[in-house]
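Trainee: I would like to learn how to read a model like this one. Could we take it feature by feature?

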Amino acid sequence: MVKSASIPVVVRCPAGVSPAPAYPDTEQALAGAADVFAGVQLLLAGRLLRIAREAELEAAVRACAN
């Protein structure tokens with residue numbers, strides 16, 4: 001009877017992550033905002049982009065872990 005052995009093999013994870021977006025809430029953009037409401041809109045837009053980016057990165061990490 002032949003016994004089989006499992007040998008771990010390193011497999012590169014595909015780089016399926018897009019480049020980071022240009023976030024609208026830069027220091028320069030916030031300093032140039034017309035008023036506090038425009039500044040808050042920039043911050044909210046940046047936050048939504050970061051949430052989407054984090055979800056993309058977490059999905060890529062999960063795909064590599066499996």
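Trainee: Does Cys 64 count as buried, partly exposed or exposed, and why?

Mentor: This is a predicted model. The general idea is a pair of cut-offs: under 20% relative accessible area a residue is buried, and over 50% it is exposed. Cys 64 has 37% relative accessibility, so it counts as partly exposed.

Trainee: Where in the secondary structure does Cys 64 lie?

Mentor: Cys 64 belongs to helix 2, which covers residues 36–65. The chain has two helices and zero strands.

Trainee: Why is the chain described as more spread out than a compact globule?

Mentor: The idea is to set the radius of gyration against the value from the globule rule. Along the principal axes, its C-alpha atoms fill a box of roughly 80 × 15 × 15 Å.

Trainee: What share of the residues counts as buried?

Mentor: Of the 66 residues, 6% do. The chain exposes about 5,900 Å², with 64% of that area supplied by carbon and sulfur atoms.

Trainee: How far apart are Cys 64 and Arg 12, in sequence and in space?

Mentor: They are separated by 52 residues in sequence, while their C-alpha atoms are 8.3 Å apart. For the chain, take the contacts between residues at least 6 apart in sequence: 58% of them join residues at least 24 apart.

Trainee: How far apart are the mean positions of the positive and negative charges?

Mentor: There are 6 positive and 6 negative charges, and their mean positions lie 18 Å apart.

Conventions. Residues are numbered from 1 along each chain as its sequence is written. This is a predicted model: local features need pLDDT of at least 70, side-chain atom pairs count only at pLDDT 80 or more; totals for chains, interfaces and linings use all residues. Side-chain values use heavy atoms; hydrogens and water are left out. Helices (H or I, at least four residues) and strands (E, at least two) are DSSP runs, numbered from the N terminus. The radius of gyration is taken over C-alpha atoms; the globule rule is 2.2 Å times the number of residues to the power 0.38. Buried means under 20% relative accessible area, exposed over 50%, partly exposed in between (1.4 Å probe, protein chains only). Contact means heavy atoms within 4.5 Å. Accessible areas come from the Shrake-Rupley method with a 1.4 Å probe; for residues, only the protein chains shown count as cover. Lys and Arg count as positive and Asp and Glu as negative; His and the chain ends are not counted. The place of a charge is taken as NZ of Lys, CZ of Arg, CG of Asp or CD of Glu.
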